[in-house]
Amino acid sequence: MKHQSDFEAIVLGVSTGGTKALRMIIPNLPSTFPLPIVIVQHLHPHSDSYFVEDFRQCSNLIVEQAEEKVGILPGHVYIAPSNYHLLLECERTLSLSVDEPVNFARPSIDVLFDTAAEVFREKLIGIILTGAGKDGSAGVRKIKKNGGFVIVQNLDSAQVETMPRAAMNAIDVDLVIPLEEMVPTLLRLTGML
Amino acid sequence: MKTTENENIEIEMLLEAIYRKYGYDFRSYSRASIKRRILHRLAISRLKSISELQHRVLYHIEFFEKLLMDFSINVTEMFRDPEFYKTLVKEIIPVLQTFPYIKIWHAGCSTGEEVYSMAIILKEEGLYDRTQIYATDFNEVVLRQARQGIFPLERIKDYTYNYQRSGGKESFANYYTAKYDSAIVDQSLKKNIVFAGHNLATDGVFGEMNMIVCRNVLIYFKKNLQNHVLGLFKASLRHHGFLCLGTKESLMFTEHENDFEAVAGKVKIYRKKIKTLENEASI
Ligand SMILES: C[S@@+](CC[C@H](N)C(=O)[O-])C[C@H]1O[C@@H](n2cnc3c(N)ncnc32)[C@H](O)[C@@H]1O
């Protein structure tokens, strides 16, 4: 297993069942968690930011809606706004786009993972959680190709299996674990445990 | 690591080549999106490298035109962000009502859906007859579609929903005729709209506007180009003129933050302040 300094960012993709799954992870990470976390959750195009607000209140990390040109920082969680793709720029800043949906999704997990893999290469952790559809599977392939680390939620603990299954079919995943092991695993991977 | 590094160099050279050859300046566009587009075009063209693609771009204008379509991201819809239109009617229209004649510039209008949405609002508010709308884009292909005002019928359901949520007063069906799988916009909406080519990166000022609408264009630009374009808008607006940006765009942290004040911050409607440093000096 890799050493703490090996990683510089986490990207996470989740769809159906996402709010519940994220609630098991984000609020349980300490404020000293050393990596920025960037999240794409599939949302209804007309939904607003109540979801961000929810997490802001119960987390030690600083949870915010992703905005264009913002540099990503440790201790922060950035959540893609509905109806925009979220991308990572080589200056380690976020950008947004209204490109057509990818895999019927906007924001699309593939778009975030693809651009993040370009920037962070082997220093990136990609996580796929519960969800319908196959968004994210091209993204994890790109992360693996660039030397990054991929974790997928196991099928038993996933509310909907399709998305994690598609990721597992796409590549040799580094870790397949149940939801409740996500936090200890992330702490271990970053040398905090 | 090597491939990414080389790819990035190749991309810079490609953008430079496009600028020198065709005058379109993509050098200050957000790179992640441009890179995705280039790699996608590379994959479907079965070319081996970006350098090879560059050669093709330089020697075949039709290939460049394809890439231009890739880069310009023309995705749009009618009454996108209903909250914006609702606020427009509530806060901005009453001000516009007091003017004898109104000039509006839609910059980056794409295939025109946003412009026709504005025309509908103005018509319902009784302002359309004394308004002149200039709608510009740097992509001639989308401008041609915009002038035609023909949209896929399958989108009408979404547009109707958006229109209703925007506070529309009529039946949305009054504004188009369905024919086969197309919706043709009502001719009366077209009469005060001029569609024209204009490149925000390289072309100049459009004078004396009461309102500029430029939504979901600046998100594709890097800071320096954003600053340039906002400067252009400032110079094109009358004092107290309105500037409407996309819901996820903002003046914050740009050079022109202090030249404008927020009228409706949430939907990104700003107003040009009367006293900016420059015109203070010229008074
Ligand atoms: C995503 S669309 C936005 C359309 C519409 N304003 C909306 O919000 O629905 C962006 C548009 O900006 C145009 N554009 C991009 N760069 C431009 C430039 N330098 N000058 C003029 N138009 C540009 C593109 O051709 C495209 O039509």
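Which helices of chain A and chain B each supply at least two residues of the lining of the second largest pocket? They are helix H3 (109-120) and helix H4 (137-145) of chain A, together with helix H1 (2-22) and H2 of chain B, where helices (H or I, at least four residues) and strands (E, at least two) are DSSP runs, numbered from the N terminus.

Before you select them, note that this is a predicted model, in which local features need pLDDT of at least 70 and side-chain atom pairs count only at pLDDT 80 or more, while totals for chains, interfaces and linings use all residues. Residues are numbered from 1 along each chain as its sequence is written, chains are lettered from A and ligands numbered from 1 in the order in which they are written, and side-chain values use heavy atoms, with hydrogens and water left out.

On a 1 Å grid over the protein atoms alone, a pocket is an open set of points with protein on both sides within 12 Å along at least five of seven lines, a cavity is a set where a 1.4 Å probe fits but cannot get out, and lining residues have an atom within 4 Å of a point. Points are joined across faces, edges and corners, and a volume is the space filled by probe spheres set on them.

**The second largest pocket**

This pocket has a volume of about 760 Å³. Select Asp114(A), Lys142(A), Arg36(B), Leu39(B) and His40(B), which are the closest to its centre of the 24 residues that line it. H2(B) gives the most to this lining, with six residues.

**The largest pocket**

Next, select Gln65(A), Pro81(A), Thr247(B), Lys248(B) and Lys266(B); around them lies the largest pocket, with about 1,000 Å³ of space, and of its 37 lining residues these five are the closest to its centre. The largest share of the lining, three residues, comes from H2(A).

**The cavities**

The count comes to eight cavities of 30 Å³ or more. The largest cavity has a volume of about 340 Å³, and Ser72(B), Gly108(B), Asp137(B), Asn216(B) and Val217(B) are the closest to its centre among 24 lining residues. Now colour helix H4 (61-72) and strand S2 (131-137) of chain B, each of which supplies at least two residues of that lining.

Finish at the second largest cavity, which holds about 50 Å³ of space and whose lining includes His85(A), Leu87(A), Ser33(B) and Arg37(B). Here H2(B) provides the largest share of the lining, three residues.
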